[in-house]
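Subject: Handing over a structure

Hi,

I am passing a structure on to you, with some notes on what turned up in it. Please have it open while you read.

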Amino acid sequence: MSISLTKLSEVVHHKRKNVRKITLEELSGETNINKDTLSRIENGRFYPSIEQLNILMEALRFSLKDIEENPDEKKVFLAMMGSATTEIERVNFDKMISMMLCLRKHDRLRKRQREEMTSC
Amino acid sequence: MRVNVIDQNPALVSLINDYTQQIPLDANFFISFDRSNTVKGSFAIPFKSFQKFWLDPLFLTFPYLSIHRVVINELVSSDSRNYAQSRIDQGHLIVMEDSEFDSDTEIYRQSFEKAIAAHTAYEPELDNADDRGEVKSLAYIATKPLNFFASHDSRALRLLESPTKETIGLSNVGAIEIYELLYYLRRMEMVQPEDGVNGLKMIYKYLYYLTKKEKLENPNWGEFYQLMDGLYASEIQKSTGNPTPYRSFIDG
């Protein structure tokens, strides 16, 4: 299990604005987390420390389950690996998965670069 | 690689203020410097000199140096591996183990690992060797959390110097580079007065002042030391806790 930064930003924004109905300043006062940092968390641009995350979970009443990353993608790769019946098949699956991950990484880096250029 | 003698590094300032902080080291801190493949006419530094002028003063100075378990496994040369292992056995080198974390904290560690890995060639799902040590070390540092990562790897350093670090849990982690530690070791007199200082100078020249390009970009050792002093001397004077100089170990 791992935490999704996108889900975290959505949950924090939703809970603060729609459930607790408080401003960033008020949440900052409650949590002692800088207002700018909170704003960046809500925009998915800041990964909080464990301490900050625990404080936020308590203040906004959500749990790790709410911000869990969708594990489906990983399962697909693992299922492919597990379905190999011969050594040659396993080696070829390895190569194929490695290429797929490489392409995925390339896409991710390109997307991030675009985002960074837009925010400049 | 370029040296920065213009801006203060907050990580080095923090280390000057408290040299007893834990400093996680990258594998390249234990691997004898070798530019023979990239710089024509240069030779690798023999491990004995590397140990005498770099590793031993480093361990004499900083009480809480650490290394990730995965990084130890990456040390291929027997000299590096034996040196690290003997320091671990003597209790001078802390081994950072992911198994230290309980199940809740492990979720955070894995999350940091995934976020950091997205910027490197390491894929946690495959557990491939590329950048594995660097990613595992940084994920551990973000989880703990620790203040520094000492590395000579430009990819790791780029990651810690880019704005991206905020989105991968490393916002409070600073990079410490070899030249900064060379300055600190010299300034704190952590090496033998004659031989040792020349050893630090030799390492500086080898790593940062060897090629024509480096000689244009970087200052020579004397200028470097003066410029670094301009940046950090006042911090050193303010600092209340300093390591015991080398001379004191010999004298008494």
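Below are the conventions, followed by the findings.

This is a predicted model, in which local features need pLDDT of at least 70 and side-chain atom pairs count only at pLDDT 80 or more, while totals for chains, interfaces and linings use all residues. Residues are numbered from 1 along each chain as its sequence is written, chains are lettered from A and ligands numbered from 1 in the order in which they are written, and side-chain values use heavy atoms, with hydrogens and water left out.

**Confidence**

The model has an ipTM of 0.75 and a pTM of 0.85.

**Chain A**

Chain A has six helices and zero strands; here helices (H or I, at least four residues) and strands (E, at least two) are DSSP runs, numbered from the N terminus. Of its 120 residues, 32% are buried, where buried means under 20% relative accessible area, exposed over 50%, and partly exposed in between (1.4 Å probe, protein chains only).

An unreviewed UniProt entry annotates residues 20-67 of chain A as "domain: HTH cro/C1-type". UniProt positions are given in the numbering used here, feature names are shortened, and annotations may be inferred rather than shown by experiment. In the model, residues 20-67 of chain A are 56% helix and 0% strand, with 18 Å between the end C-alpha atoms.

**Where the chains meet**

Chain A brings 27 residues to the contact and chain B brings 24 residues, contact meaning heavy atoms within 4.5 Å. Between them, chain A and chain B bury about 2,200 Å², with 58% of it on carbon and sulfur atoms. Buried area is the accessible area (1.4 Å probe) that two parts lose on being put together, summed over both. Tyr47(A), Ile50(A) and Lys105(A) provide 29% of the area that chain A buries against chain B, more than any other three residues.

Two salt bridges run between chain A and chain B, a salt bridge being a side-chain nitrogen of Lys or Arg within 4 Å of a carboxyl oxygen of Asp or Glu. Arg40(A) and Glu166(B) form a salt bridge through their side chains, at 2.1 Å from N to O.

**Salt bridges in chain B**

Over all chains the structure has 21 salt bridges. In one of them, the side chains of Glu214(B) and Arg35(B) come to 2.7 Å, N to O. Glu214(B) is in helix H10 (residues 212-217) and Arg35(B) is in the loop between strand S1 (23-24) and helix H2 (47-61) of chain B, so this pair ties together parts that are 179 residues apart in sequence. Both Glu214(B) and Arg35(B) are buried.

Lys144(B) and Glu100(B) also form a salt bridge, with their closest N and O atoms 3.1 Å apart. Lys144(B) is partly exposed, at 39% relative accessibility, and Glu100(B) is partly exposed at 39% as well.

What about Glu106(B) and Arg109(B): how many residues apart are they in helix H5 of chain B? They are three residues apart, which means a separation of about one helical turn. Their side chains meet in a salt bridge at 3.0 Å, N to O, and Arg109(B) is buried at 4% relative accessibility. Glu106(B) and Arg109(B) also belong to a salt-bridge network with Asp98(B), Glu113(B) and Lys136(B).

Asp98(B) and Lys136(B) are among the contacts of His68(B), leaving aside its neighbours within four places in sequence. His68(B) sits in strand S2 (residues 65-68) of chain B and is buried, with a relative accessible area of 2%.

**Inside chain B**

The largest nonpolar core has 61 residues, and among those touching the most other members are Phe29(B), Trp54(B) and Leu182(B). Such a core is a set of buried Ala, Val, Leu, Ile, Met, Phe, Trp, Tyr and Cys residues joined through side-chain atoms within 4.5 Å. A second, separate core of 47 residues includes Phe62(A), Ile67(A), Ala115(B) and Leu146(B).

In helix H8 (residues 178-187) of chain B, eight of the ten residues are buried, including Leu182(B) and Tyr183(B). Helices H1 (10-17) and H9 (195-208) of chain B are among the elements that cover the buried residues of H8(B). Just after H8(B), Glu189(B) has a positive phi of about 55°.

Best wishes
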